[in-house]
Amino acid sequence: MDRKEEARKVVEKELSGYRKLSYEELLKKFDEPEGCEVKTENGDAYQIEIEVFFDDFKEQSIRVMGSASYSAWTDFSPICSSFIMAKDGSFIGE
């Protein structure tokens, strides 16, 4: 597996925990980025950052975006993934 594909899987795995949270729980994480380092089974290290912010302020939908970088080059262009949750707790665009 190449590094970009592995990075995408790592960030998706991190986002999966956020998908289990309620709208109200995500609001508590609003605008406070969380970061960590994740090591894969083969020893590769990834810097992960997760951020929660409004995707549509009027509709109050929340976007949760995760990014993964694994080198100085990807610090400038990290591998990203996200999801959007509506105020009623449903996922938008899925």
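Residues are numbered from 1 along each chain as its sequence is written, and side-chain values use heavy atoms, with hydrogens and water left out. In this predicted model, local features need pLDDT of at least 70 and side-chain atom pairs count only at pLDDT 80 or more, whereas totals for chains, interfaces and linings use all residues.

Helices (H or I, at least four residues) and strands (E, at least two) are DSSP runs, numbered from the N terminus. Five strands form an open sheet, in the order β1-β2-β3-β4-β5, with antiparallel pairing. The edges are taken by β1 (34-39) and β5 (91-92); each has a single partner strand, so one side of each is left without a neighbour in the sheet. Two strands are said to pair if DSSP finds at least two bridges between them. In general, strands of a sheet pair through backbone hydrogen bonds, either parallel or antiparallel.

Seven bridges join β3 and β4 in the antiparallel sense, and Ala 68 stands opposite Ile 79 in β4. Two bridges join β4 to β5, which also run antiparallel; the bridge partner of Met 85 in β5 is Phe 91. A hairpin is formed by β4 and β5, with five residues between them, and Gly 89 in the turn has a positive phi of about 95°. Buried means under 20% relative accessible area, exposed over 50%, and partly exposed in between (1.4 Å probe, protein chains only). Five of the seven residues of β4 are buried, so this strand is largely enclosed by the rest of the structure.

Ser 61, found in strand β3, counts as buried at 4% relative accessibility. Contact means heavy atoms within 4.5 Å. Leaving out residues up to four places away in sequence, Ser 61 touches Phe 53, Phe 54, Asp 55, Asp 56, Ile 84, Met 85, Ala 86 and Ile 92. Gly 35, in strand β1, is exposed, with a relative accessible area of 62%. Apart from neighbours within four places in sequence, Gly 35 is in contact with Ile 48 and Glu 49. The C-alpha atoms of Gly 35 and Phe 53 are separated by 15 Å, the two residues being 18 residues apart along the chain.

The 17 residues of α1 should span 24 Å at 1.5 Å a residue, and the end C-alpha atoms of α1 are 24 Å apart, which agrees. The expected span is 1.5 Å times one less than the number of residues in the helix. The buried residues of α1 are Glu 6, Ala 7, Val 10, Val 11, Leu 15 and Tyr 18. What covers them includes α2, β1, β2, β3 and β4.

A nonpolar core is a set of buried Ala, Val, Leu, Ile, Met, Phe, Trp, Tyr and Cys residues joined through side-chain atoms within 4.5 Å. The largest such core has 18 residues, of which Tyr 18, Leu 26, Ile 48, Ile 50, Ile 62, Val 64 and Phe 83 touch the most other members. Two or more residues of this core come from each of α1 (3-19), α2 (23-28), β2 (45-56), β3 (61-69) and β4 (79-85). The largest share, five residues, comes from α1. Not counting residues up to four places away in sequence, Phe 83 touches Leu 15, Tyr 18, Arg 19, Leu 26, Ile 62, Arg 63, Val 64, Phe 91 and Glu 94. In soluble globular proteins, nonpolar side chains tend to be buried together.

Rings of Phe, Tyr and Trp (its six-membered ring) pair if their centres lie within 6.5 Å; planes under 30 degrees apart count as stacked, over 60 as edge-to-face and the rest as tilted. By this rule the count is four aromatic pairs. The rings of Phe 30 and Phe 54 have centres 4.7 Å apart and planes at 50°, so this pair is tilted. The pair links distant parts of the chain, 24 residues apart: Phe 30 lies in the loop between α2 and β1, and Phe 54 in strand β2. The rings of Phe 54 and Phe 57 have centres 5.4 Å apart and planes at 90°, so this pair is edge-to-face. Phe 30, Phe 54 and Phe 57 form one aromatic cluster.
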